[in-house]
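Hello,

I am passing along a structure that is new to you, together with some notes on what turned up in it. Please have a look at it first and then read on.

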Amino acid sequence: MEDKLSEVVLFGSWYSPYTSRVKLALKLKGIPFKYVEENLSNKSELLLKYNPIHKKVPVLLHNGMPICESLIILEYIDEVWNHAPKLLPEDPYQRSRVRFWANYTDQKIMPASYPLLLLKGEKKQKAIEDMEEMQRVLEEGIKQDFPEQFSFFNGKTIGLLDIFMGVNCYNYKAFHEVTNSEIIGPKNPKIFMWVNALKEHPLMKDTLPPHDKVVAMLKTMIAPTPDV
Amino acid sequence: MEDLKLHGFWYSPFTVRVVWTLKLKGLSYENIEEDRSNKSPQLLQYNPVHKKTPVLVHGGKPICESMVIVEYIDELWPQNPLLPHDPYERAQARFWVAFAEQMVPVIPALVYSTNAEEKEKAVEKAREHLKVLEDHCLADKRKFFGGDKLNIVDIAFGSLLEFLITLEDLKQVKILVAEKFPLLHLWLDNFKNAPIIKENYPDREKILATMKPAMERRFPSS
């Protein structure tokens, strides 16, 4: 097995979705790893040493060498531990679509999520509508590019987009509760089915933080502001 | 003969990344020039999500987003490889490509800045990114980001930096100052003189001749 069993360390934070992506990928591949929980308001020397440019989690350390940025880490994992299950498809065209949707998630959906927690009134309503539209675009796109994606619940193995989606939406109920909205719902039926199937996946249940813990965390992120 | 079509925009740094990649691989393709104010129905069909160029159409199937296209081409046509073979080196190359993409918002921030303060803020942001590159990537005085041969990171930054220099003239600012960024300066010189890149390098004068009147109309000088 060469060096592949050599030390793998993951620096992360329990509530960072980017960290959860890497945890899931490592577990899916059956890669043993040491996990280091970082206090993001008091980052360790090691984290700052291994990710001096962005100073963020997650960082994967393999044989003492750091890899940063969750999408890049997942591609690295898939290349080094290239046994099944594969995180990315073999076909280059399908791979380009996975990367496209991963970028869409990271450049559009993720940056819109946190601000939504903080908005009130009309601005909040607009943000919710924008988010719903992005989910609709995602649903349409994935339906077109990966028609078999939505039969995941028939027992097919999960891949990179399942990981991204599962991590983001596993605690959608917590998000709904705290923002008093319904973004993931029957109006996007395929996504709704997909997300609910992912919620039942043992790996997701095993890895992702529970509802109450997430609600508590989201509530601390909301600064008290007057209604507008 | 590969069935390759490139929907692009002639002075877009994102389109030029794909042109360089195709040429470096010795691939012929049909170039379809898009009018950004009047996008073709094909473009809107091929990239319904972002409605942007570049889009590479291979055998009728569209690939969107410049760096996703570059990786796609590199995977299918391995001659003159743009990504290293070693997975760790690949991860490092992808990290810097991601860094280039994180720098992109500086461009519209600078182009659309309406006052001196906004302009200065955009210039500062650009310089911050360039400082990271100068300090972290070129310290060993390598010829290209890829070492002796140019790679995907050179392509990602070459296009952006060339466009930024064009914007320096357009917006009357100084960003890539030689004294502050000696290694980057040297690198850009190596890059623009590299074979294939040299013959397909954006014509700065032509771009300025096009952009200046448009800028004047939009932001009449006081």
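Two rings of Phe, Tyr or Trp (the six-membered ring, for Trp) are called an aromatic pair if their centres lie within 6.5 Å, and the pair is edge-to-face if the planes are over 60 degrees apart. Please keep in mind that this is a predicted model. Searching the whole structure gives 16 aromatic pairs over all chains. One of them joins Trp96(B) to Phe99(B), with 5.4 Å from centre to centre and 75° between the planes, which makes the pair edge-to-face.

Where do Trp96(B) and Phe99(B) lie? Both belong to helix α4 of chain B, which covers residues 87-103, and they are three residues apart, about one turn of the helix. Trp96(B) counts as buried because its relative accessible area of 12% is under the 20% cut-off. Phe99(B) is buried too, at 4% relative accessibility.

Chain B also has a cluster held together by ring pairs: Trp20(B), Phe145(B), Phe157(B), Trp187(B), Phe191(B) and Tyr201(B).

Over in chain A, you can find lysines placed over rings. Lys23(A) lies over the face of Tyr35(A), 4.4 Å from the ring centre. Lys199(A) is over the face of Tyr170(A), at 4.9 Å from the ring centre.

Finally, a note from a record: an unreviewed UniProt entry lists residues 2-81 of chain B as "domain: GST N-terminal". In the model, that stretch of chain B is 36% helix and 21% strand, with its end C-alpha atoms 18 Å apart.

Enjoy exploring!

Best wishes

Methods:
Residues are numbered from 1 along each chain as its sequence is written. Chains are lettered from A and ligands numbered from 1 in the order in which they are written. This is a predicted model: local features need pLDDT of at least 70, side-chain atom pairs count only at pLDDT 80 or more; totals for chains, interfaces and linings use all residues. Side-chain values use heavy atoms; hydrogens and water are left out. Rings of Phe, Tyr and Trp (its six-membered ring) pair if their centres lie within 6.5 Å; planes under 30 degrees apart count as stacked, over 60 as edge-to-face and the rest as tilted. Helices (H or I, at least four residues) and strands (E, at least two) are DSSP runs, numbered from the N terminus. Buried means under 20% relative accessible area, exposed over 50%, partly exposed in between (1.4 Å probe, protein chains only). A charge sits over a ring if NZ of Lys or CZ of Arg is within 6 Å of the ring centre and within 35 degrees of the ring normal. UniProt positions are given in the numbering used here, feature names are shortened, and annotations may be inferred rather than shown by experiment.
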